[in-house]
Amino acid sequence: MRTSGVSGVLGGVVAAALVLGSLAVVGHLNPVRQLSVSTDRLGPDSGEQVTDYLARAEASLRSDNAEPRWGSVSFDRELTAEQAYAVADGVRISQVLLRVPLDRVQTPILTVGVPGSERSVLNSAARAASLATESFGVGDRQAQIAAVSQRRLLDGCACVVTVVVRGTPAELTELAGRADVRAVQALPPDAVSGKFAVEPLLPEYVDVVGPLPDDGPVPTE
């Protein structure tokens with residue numbers, strides 16, 4: 001009886017070991033995918049001094065590596081889509097960030113992905129208009145802001161605040177010196193499209209990056 005009990009225990013241990021060994025082999029052949037965590041970001045941080053961001057953006061262009069990389073171009077004033085495309089002048093645009101400027105009224109940042117063609121960039125304001133009403137919840141003021149934003153975007157307003165581009169450090173450095181450009185910031189060359197955040201440096205940010213006033217009346221036109 002005792003011998004049979006010992007044999008049963010040993011058999012159970014051997015079976016368990018075989019199962020664990022099989023699982024180890026399966027785990028080795030099919031390793032668990034590690035979730036990637038991206039910390040890449042273009043644009044200023046909330047609460048950051050504008051002068052600090054401008055210096056940080058300028059420093060990001062200095063590189064011994066000539067590989068193309070993603071970068072953001074922030075303008076010193078709102079531009080039309082046509083003006084933004086002209087400023088880029090050959091540097092490929094992949095995203096257009098638009099915001100309808102209203103005095104002391106917070107309006108949404110609307111991001112439109114584009115394939116870089118002139119037509120796609122010029123159509124970005126109309127595409128952003130379709131996003132305007134999706135950026136607010138229900139409410140009288142929010143509905144008014146959405147409505148006026150949509151109208152002005154459809155009219156081709158000067159509403160482009162930032163574009164995301166792809167170019168070499170030399171191209172991005174040259175772009176930083178063009179008229180209407182306030183800052184160009186570059187990511188490392190291994191940054192992956194769609195895996196980084198973009199925050200525009202709005203023309204209204206003068207001293208510190210932070211919430212803008214939202215106590216003004218919403219225009220009716």
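Author: Start with V121. Leaving aside neighbours within four places in sequence, V121 is in contact with A81, Y85, I93, V96 and V114, where contact means heavy atoms within 4.5 Å.

Reader: Before we go on, what kind of model is this?

Author: It is a predicted model, in which local features need pLDDT of at least 70 and side-chain atom pairs count only at pLDDT 80 or more, while totals for chains, interfaces and linings use all residues. Residues are numbered from 1 along each chain as its sequence is written, and side-chain values use heavy atoms, with hydrogens and water left out.

Reader: OK. Which helix is V121 in?

Author: V121 is found in helix α4, residues 118–122. Helices (H or I, at least four residues) and strands (E, at least two) are DSSP runs, numbered from the N terminus.

Reader: And is V121 buried or exposed?

Author: V121 is buried, with a relative accessible area of 1%. Buried means under 20% relative accessible area, exposed over 50%, and partly exposed in between (1.4 Å probe, protein chains only).

Reader: How far apart are V121 and A81?

Author: They are 40 residues apart in sequence, but 6.3 Å apart in space, C-alpha to C-alpha.

Reader: What about the whole protein? How many helices and strands are there?

Author: The protein has seven helices and seven strands. From the N terminus on, the order is α-β-α-β-α-β-β-α-α-α-β-α-β-β. It has 221 residues, of which 37% count as buried. Among contacts between residues at least 6 apart in sequence, 77% join residues at least 24 apart.

Reader: New topic. How do α5 and α6 pack?

Author: Two packed helices are described by the angle between their axes and the distance between the axes. Helix α5 (residues 124–132) and α6 pack at an angle of about 170°, with axes 8 Å apart. Axes here are lines fitted to C-alpha atoms, for helices over the stretch in contact, and angles run from 0 to 180 degrees between N-to-C directions. The two helices are therefore roughly antiparallel; angles under 35 degrees count as roughly parallel, over 145 as roughly antiparallel, 65 to 115 as roughly perpendicular and the rest as oblique.

Reader: Which residues meet there?

Author: A125, A126, A128, A129, S130 and A132 in α5 meet A146, S149, Q150, L153 and L154 in α6.

Reader: Tell me about S149.

Author: S149 lies in helix α6, residues 140–154. At 1% relative accessibility, S149 counts as buried. Not counting residues up to four places away in sequence, S149 touches V100, T107, P108 and A132.

Reader: Last one. How many disulfides are there?

Author: A search of the whole structure finds one, a disulfide being a pair of cysteine sulfur atoms within 2.5 Å. The disulfide joins C157 to C159, with S to S at 1.9 Å. The link is left-handed, with -125° about the S-S bond. C157 counts as buried at 17% relative accessibility, and C159 counts as buried at 1%.
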